[in-house]
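Here is a short report on one protein model. Read it with the coordinates open.

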Amino acid sequence: MLKFTIPKIKEDVVPKETYNEDELRKLLKKPQIGLCSFVEYKTYVLTCFLIATGQRLGATISLKKSDINFSNNTITFKRTKNRNSHSINIPKSLKPILIEYLTFLPDDIEWLFPNAYGQKAKLKTIQENLLTYNRSKGVDKTSAHLYRHTFAKTWIQNGYNQLELMRI
């Protein structure tokens with residue numbers, strides 16, 4: 001029997017779509033505390049977190065409050081896709097958002113972005129929260145991974161300056 005390989009047809013690579021400046025302005029506009037639900041506020045903080053850090057959603061929802069170290073100005077990701085933990089600096093623009101957010105979480109809750117019962121949130125629930133949040137802001141794009149692409153694109157456009165991301 002003859003064996004041969006058939007080469008794959010090369011396809012044009014379509015650039016990944018990212019959030020534009022107008023969409024980011026809408027999504028990063030802080031909701032009025034007291035007039036919004038906690039889920040909306042938590043999703044706003046999550047949105048800020050994802051766009052400021054470029055981290056994957058799975059790694060982000062696995063964060064515990066103890067993984068945030070304001071003294072060292074670091075966030076430690078212990079559960080990642082490749083199973084390698086790593087730390088990043090807390091972006092300057094994200095730090096006050098996290099500090100305020102943590103004042104609303106009870107001390108006995110260990111997760112940074114918990115579900116309604118204070119336990120680790122499920123990925124599907126967080127994705128649904130992002131969908132609802134984005135649509136409520138008039139943004140049709142709803143993929144959490146688009147924040148990662150937007151982070152990368154903006155980081156490169158700003159000369160690799162992570163702190164410029166949230167100044168849009």
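In this predicted model, three strands make an open sheet, ordered S1-S2-S3, with antiparallel pairing. The edges belong to S1 (68-69) and S3 (86-89). Each of these has a single partner strand, so one side of each lacks a neighbour in the sheet. Strands of a sheet pair through backbone hydrogen bonds, either parallel or antiparallel. Here S1 and S2 (residues 74-77) run antiparallel and are joined by two bridges. Asn69 stands opposite Thr74 in S2.

The loop between S1 and S2 holds Asn73. Its phi is positive, about 60°, although Asn73 is not a glycine. Most residues other than glycine have a negative phi.

**Around Asp67**

Asp67 sits in the loop between helix H3 (57-61) and S1. Is Asp67 buried or exposed? Its relative accessible area is 5%, so Asp67 is buried. Leaving aside residues up to four places away in sequence, Asp67 touches Ser62, Thr74, Ile75, Thr76 and Lys78. Of these, Thr74, Ile75 and Thr76 fall within the residue range of S2, 74-77. A polar atom of the Asp67 side chain also lies 2.8 Å from the backbone nitrogen of Lys64. Lys29 is elsewhere: 38 residues from Asp67 in sequence and 26 Å away in space, C-alpha to C-alpha.

The charged end of Lys64 sits over the ring of Trp111, 5.2 Å from the ring centre.

H2 covers residues 38-53. H2 is mostly covered, with 13 of its 16 residues buried. Just after H2, Gly54 takes a positive phi of about 75°.

How many aromatic pairs does the structure hold? There are nine. One of them joins Tyr41 and Tyr101, whose ring centres are 6.0 Å apart. Their planes stand at 45°, so this pair is tilted. The tilted class lies between stacked, under 30 degrees, and edge-to-face, over 60. The pair links distant parts of the chain: Tyr41 belongs to H2 and Tyr101 to helix H4 (residues 95-104), 60 residues apart. Both Tyr41 and Tyr101 are buried.

**Side-chain to backbone contacts**

Thr53 is found in H2, and Thr154 in helix H6 (residues 145-157). Thr53 is buried, with a relative accessible area of 3%. Thr154 also counts as buried, at 9% relative accessibility. In each case a polar atom of the threonine side chain lies 2.7 Å from a backbone oxygen, that of Phe49 for Thr53 and that of Thr150 for Thr154. An α-helix has 3.6 residues a turn, so residues three or four places apart point the same way.

| Side chain | Backbone atom | Distance |
|---|---|---|
| Asp67 | nitrogen of Lys64 | 2.8 Å |
| Thr53 | oxygen of Phe49 | 2.7 Å |
| Thr154 | oxygen of Thr150 | 2.7 Å |

**The chain overall**

The protein chain has six helices and three strands. From the N terminus on, the elements run α-α-α-β-β-β-α-α-α. The C-alpha atoms fill a box of roughly 70 × 35 × 30 Å, taken along the principal axes. Of the 168 residues in the protein chain, 39% are buried.

Methods: Residues are numbered from 1 along each chain as its sequence is written. This is a predicted model: local features need pLDDT of at least 70, side-chain atom pairs count only at pLDDT 80 or more; totals for chains, interfaces and linings use all residues. Side-chain values use heavy atoms; hydrogens and water are left out. Two strands pair if DSSP finds at least two bridges between them. Helices (H or I, at least four residues) and strands (E, at least two) are DSSP runs, numbered from the N terminus. Buried means under 20% relative accessible area, exposed over 50%, partly exposed in between (1.4 Å probe, protein chains only). Contact means heavy atoms within 4.5 Å. A polar contact is a pair of N or O atoms within 3.5 Å; within protein, one must be able to donate a hydrogen and the other to accept it, and residues adjacent in sequence count only if both atoms are side-chain atoms. Rings of Phe, Tyr and Trp (its six-membered ring) pair if their centres lie within 6.5 Å; planes under 30 degrees apart count as stacked, over 60 as edge-to-face and the rest as tilted. A charge sits over a ring if NZ of Lys or CZ of Arg is within 6 Å of the ring centre and within 35 degrees of the ring normal.
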